[in-house]
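Colleague: Put the model up, please, and I'll ask as we go.

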Amino acid sequence: MGVGPRSPPTLPLSIRWCRDQDLDALRVFIDDRWQQGHVLCRDEELLRWQFNGARIRAETLEGPSILLGWVGDQIAGMLGVTEFDLCAFGRRGRGAWIQQWYAAPEYRRRNVGLRLLGYVMRFHYDVIFGLAVRDEALRVLRALRFEPFSALPRWIGVFNVEETTALLSEAAESRDDASVIQSTCEACFVGDSPVATGDGRTSGWTPEVAEQWSELWWRTIG
């Protein structure tokens, strides 16, 4: 299996989870068809961590949680799925992040992307999130009654405060518009003692911080 000469488009389209033996073909597909040199085509450990197949509870996977569309022995599209436990206003549920949603141009008329998403939707998640959605994909999602947000605050797990601080400072210096970095700093809380992070700071979790977080959340998503 691979990404070589294109299979005739009249062959059947099938959707299935990526298996361990599909990883080489997937990494070539990412590099050749989606984004050359992307970290996911270079770092298998990161790919497996980001798309941990054990997190998918509805089915047993034999590889990472990336859905692949196949036409013959060629990959026609992909959709990464990261399942997570959801807590919304005290109610627990199941959610999923969708990432790396891509269909090769020659197969888009066969609704590869829609079929990949449809496979995920049949698991009846309470929420499905996606980030940095392109305009053409957004039109499809709107038609399916997904709701777009202009921004979505998220928790960030910080394992090394000093190194994270250095990375944020470096990123802020390299950007003309540092608003993203400032927002990240504003919403970054870790550890018991405040630590300076450029335009923001990190601190322990307190009722006051919880109130600030809620205000930031609702102000951002409107």
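This is a predicted model: local features need pLDDT of at least 70, side-chain atom pairs count only at pLDDT 80 or more; totals for chains, interfaces and linings use all residues.

Colleague: What share of the residues is buried?
Modeller: 38% of the 222 residues in the chain. Buried means under 20% relative accessible area, exposed means over 50%, and partly exposed is in between (1.4 Å probe, protein chains only).

Colleague: And how many helices and strands?
Modeller: Eight helices and seven strands.

Colleague: Contacts next. What fraction join residues at least 24 apart?
Modeller: 61%, taken among contacts between residues at least 6 apart in sequence. A contact is heavy atoms within 4.5 Å.

Colleague: Now β3. Which strands does it pair with, and in what sense?
Modeller: β2 and β3 run antiparallel and are joined by six bridges. β3 and β4 also run antiparallel, with 11 bridges. Pairing needs at least two DSSP bridges between the strands.

Colleague: Why do you call β3 largely enclosed?
Modeller: Because 11 of its 15 residues, in the stretch 74–88, are buried.

Colleague: What about the turns at its two ends? Which residues take a positive phi there?
Modeller: In the β2–β3 hairpin, with two residues between the strands, Gly72 has phi near 65°. The β3–β4 hairpin also has two residues between its strands, and there Phe89 has a positive phi near 55°. Most residues other than glycine have a negative phi.

Colleague: Where else does a non-glycine go positive?
Modeller: Gln100, at about 50°, and His124, near 55°. Gln100 lies in strand β4, residues 91–103, while His124 is in the loop between α4 and β5.

Colleague: Are those two buried or exposed?
Modeller: Gln100 is buried at 18% relative accessible area, whereas His124 is exposed at 66%.

Colleague: What does Gln100 touch?
Modeller: Beyond its neighbours within four places in sequence, its contacts are Trp34, Leu40, Gln50, Phe51, Met78, Leu79 and Gly80.

Colleague: Stay with Phe51. Where is it, and is it buried or exposed?
Modeller: Phe51 is in the loop between α3 (44–50) and β2 (66–71), and it is buried, at 1% relative accessibility. Its contacts, leaving out residues up to four places away in sequence, include Leu40, Pro64, Ile66, Val81 and Gln100. Thr82 is among them too; its C-alpha is 5.8 Å from that of Phe51, across 31 residues of sequence.

Colleague: Back to β4. How does it pair with β5?
Modeller: In the parallel sense, over four bridges, with β5 at residues 127–130. Ala96 stands opposite Ile128 in β5. With helix α4 (residues 112–121), the two strands make a right-handed β-α-β unit. Right-handed here means that, with the strands pointing away from the viewer, the path from the first strand over the helix to the second runs clockwise.

Colleague: Change of topic: how many aromatic pairs are there?
Modeller: Seven in the whole structure. One of them is Phe123 with Tyr125, edge-to-face, 6.1 Å centre to centre with 85° between the planes. Rings of Phe, Tyr and Trp (its six-membered ring) pair if their centres lie within 6.5 Å; planes under 30 degrees apart count as stacked, over 60 as edge-to-face, and the rest as tilted. Phe123 is buried at 10%, and Tyr125 at 11%.

Colleague: Which residues do ring pairs link into a cluster?
Modeller: Trp17, Tyr119, Phe123 and Tyr125.

Colleague: And what sits over the ring of Tyr119?
Modeller: The charged end of Arg122, 4.0 Å from the ring centre. The criterion is NZ of Lys or CZ of Arg within 6 Å of the ring centre and within 35 degrees of the ring normal.

Technical notes
Residues are numbered from 1 along each chain as its sequence is written. Side-chain values use heavy atoms; hydrogens and water are left out.
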